[in-house]
Amino acid sequence: MFQYIQQWYRNKFSDPNAVTLFLLLVVSVLLIVFFGGILAPILAAIALAYLLDWPVNRLIDAGVGRLPATIIVMSFTVCIATLCLLTLVPVVWQQSTTLIREMPDMLANLQVWLHKLPELFPSVIDEAQITELMQTVKRRVVGLGEQLLTSSLTSLVNVMAMLVYLIVVPLLVFFMLKDRDVLLAHVSRVLPTNRRLITQVGQEMNLQIMNYIRGKAIEVIVVAVTSFAVFFAFDLRYTTLLSILVGLSVLIPYIGAVVVTIPVALVALFQFGATGPFVYVMIGYLIIQALDGNVLVPLLFSEAVSLNPVYIIAAVLVFGGIWGFWGVFFAIPLASLVKAVITAWSSRDALFQHDEVQ
C-alpha cells in the first residue's frame, strides 16, 4: 500500500509544474476559506470587471483609448445601477413587506385547498399527511420570517459597511479595468517560473469565467424581463418582486428554478384559486423555464465546458456549503476549474509517459 502511494506521488508530483499548480490551488482555497469575508469586495469587483471587460475591449477595438473606454463604460454602468436602485428597490421592498404580511392568509387558503385532496384521492392522501405538511410549512415560514428580521437588523447595523462597499467596489472595478495589463504583469512576476500547467489552466478558466459571468448577467435580465411581461399580462400580484426572483433563480442551476416555483404558485393560487387563470400563469411560467433551459442557456453558454447536471448540482451543494453565495454563483466555473486541472494533469501524465517511452 505504501509503495502504491509512493508511486502515485512520484508520478503526479515529479514535475515542478504540477507541484506549483497544486500549491497555488491550496493557497487560493485557504485564502478564500479563512479570509472570504474580507475578500468579498475584491471578489465582487473581479466578477464585475470580468463582466465589463468585454464592452471596454469593444470600445478599444473601435479606436478609443483604454482610459476613455473605461470611463465611458463605468459611467454608463453607474447610471444604470443608480436608476435600478431608485426605481426597483422601493417597489420590491413594498411588495416584499406586503407579501410577508399576507403570507398567513395564503397559508390558510392553501390549507383549505389541500384538505380537499383526501376527498379527491382517498387512497393516496389522508388528513394526517396534510396536517403534518401544513405544520412543517408553517414552521418553515416562521423560521424564514425570523431570519429576515435578523438579517434586516444586521443590515441596519452594517449600513455604513455597505456604503463603504458601494464606494470601494466601483473604484476597484475602475482600476482593474484601467490598469488590467499592469495588474496582470504584477501577478505574472509573483508566480514562480515553473508555471506551464498554471498557464494552461489559467487560459482555459479565463475564457470560462468571462463567458459565464457575461452569460449569467444576460440570462438574469432576459428571464426577469420575460417573466415580468408574462405576469403583467395575467395581472398577477407582486409582478416586479416575482419576476426579479425568477431572474435571480438562474444563478443557482436547477435548484433555483425549483425553489422559486413555490412563491409563484402560492401567489397565483391565492389570487386566482384553482381556476383557469392559475393554470395559465403556471403554464406561462413553465414555458419560460423550458425556453431558458433548452434555448437561452445553450445559446449563451455554447463556449462553456459541458458538464453533466449531476456534477453541476454537486458543485452547487459543495461550493455553496463552503463559500455561501459566491460558491453558488461560481459553482459552474469552479466545477470547470476542477475539470481543467484534471485535464491539465492528465495531459502532463501523458506527456511524461511519452517522454519515458522515448
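Tyr-238 lies in the loop between α8 and α9, where helices are DSSP runs of H or I with at least four residues, strands are runs of E with at least two, and both are numbered from the N terminus. The phi angle of Tyr-238 is near 55°, a positive value in a residue other than glycine. Tyr-238 is buried, with a relative accessible area of 7%; buried means under 20% relative accessible area, exposed over 50%, and partly exposed in between, with a 1.4 Å probe and protein chains only. Asp-235 belongs to the loop between α8 (196-233) and α9 as well, and its phi is likewise near 55°, again a positive value in a residue other than glycine. Asp-235, however, counts as exposed, at 60% relative accessibility.

The model is a predicted one, in which local features need pLDDT of at least 70 and side-chain atom pairs count only at pLDDT 80 or more, whereas totals for chains, interfaces and linings use all residues. Residues are numbered from 1 along each chain as its sequence is written, and side-chain values use heavy atoms, with hydrogens and water left out.

The secondary structure of the protein chain consists of 13 helices and zero strands. Of its 358 residues, 31% count as buried. The chain exposes about 21900 Å², of which carbon and sulfur atoms supply 73%, the areas coming from the Shrake-Rupley method with a 1.4 Å probe and, for residues, only the protein chains shown counting as cover. Among contacts in the chain with a separation of 6 or more, residues 24 or more positions apart account for 73%, contact meaning heavy atoms within 4.5 Å.

The loop that holds Tyr-238 leads on to α9. Eight of the 11 residues of α9 are buried, so this helix is largely enclosed by the rest of the structure. The buried positions in α9 are Thr-239, Thr-240, Leu-241, Leu-242, Ser-243, Val-246, Gly-247 and Ser-249. Which helices pack against α9? Helix α3 (residues 66-114) is one of them, packing with α9 at an angle of about 100° with the axes 8 Å apart; here axes are lines fitted to C-alpha atoms, for helices over the stretch in contact, and angles run from 0 to 180 degrees between N-to-C directions. That angle makes α3 roughly perpendicular to α9, given that angles of 65 to 115 degrees count as roughly perpendicular, those under 35 as roughly parallel, those over 145 as roughly antiparallel and the rest as oblique. On the α3 side the contact is made by Leu-88, Val-91, Val-92, Gln-95, Ser-96 and Leu-99, and on the α9 side by Thr-239, Thr-240, Leu-241 and Ile-244. This contact of α3 with α9 comprises six nonpolar, four polar and no charged residues, where Ala, Val, Leu, Ile, Met, Phe, Trp, Tyr, Cys and Pro count as nonpolar, Asp, Glu, Lys and Arg as charged, and the others, Gly among them, as polar.

Helix α10 (residues 255-272) also packs against α9 (residues 239-249), their axes coming within 9 Å and crossing at roughly 165°. The two helices α9 and α10 are therefore roughly antiparallel to each other. In this pair, Leu-242, Leu-245, Val-246 and Ser-249 of α9 meet Gly-256, Ala-257, Val-260, Pro-263, Val-264 and Val-267 of α10. The residues of the contact of α9 with α10 divide into eight nonpolar, two polar and no charged.

Helices α3 and α10 also approach each other, with axes that come within 10 Å and cross at roughly 75°, and α3 and α10 are therefore roughly perpendicular to each other. The contact joins Leu-99, Glu-102, Asp-105, Met-106, Asn-109, Leu-110 and Trp-113 of α3 to Leu-266, Val-267, Leu-269 and Phe-270 of α10. By class, this contact of α3 with α10 holds eight nonpolar, one polar and two charged residues.

Phe-329, in helix α12 (residues 309-329), is buried, with a relative accessible area of 11%. Phe-329 and Ile-252 are 77 residues apart in sequence and 6.8 Å apart in space, C-alpha to C-alpha, and, not counting residues up to four places away in sequence, Phe-329 touches Tyr-212, Ile-213 and Leu-251. Leu-300, found in helix α11 (residues 276-300), is 81 residues from Glu-219 in sequence and 7.8 Å from it in space, C-alpha to C-alpha. Leaving aside neighbours within four places in sequence, Leu-300 is in contact with Gly-215, Ile-218 and Glu-219.
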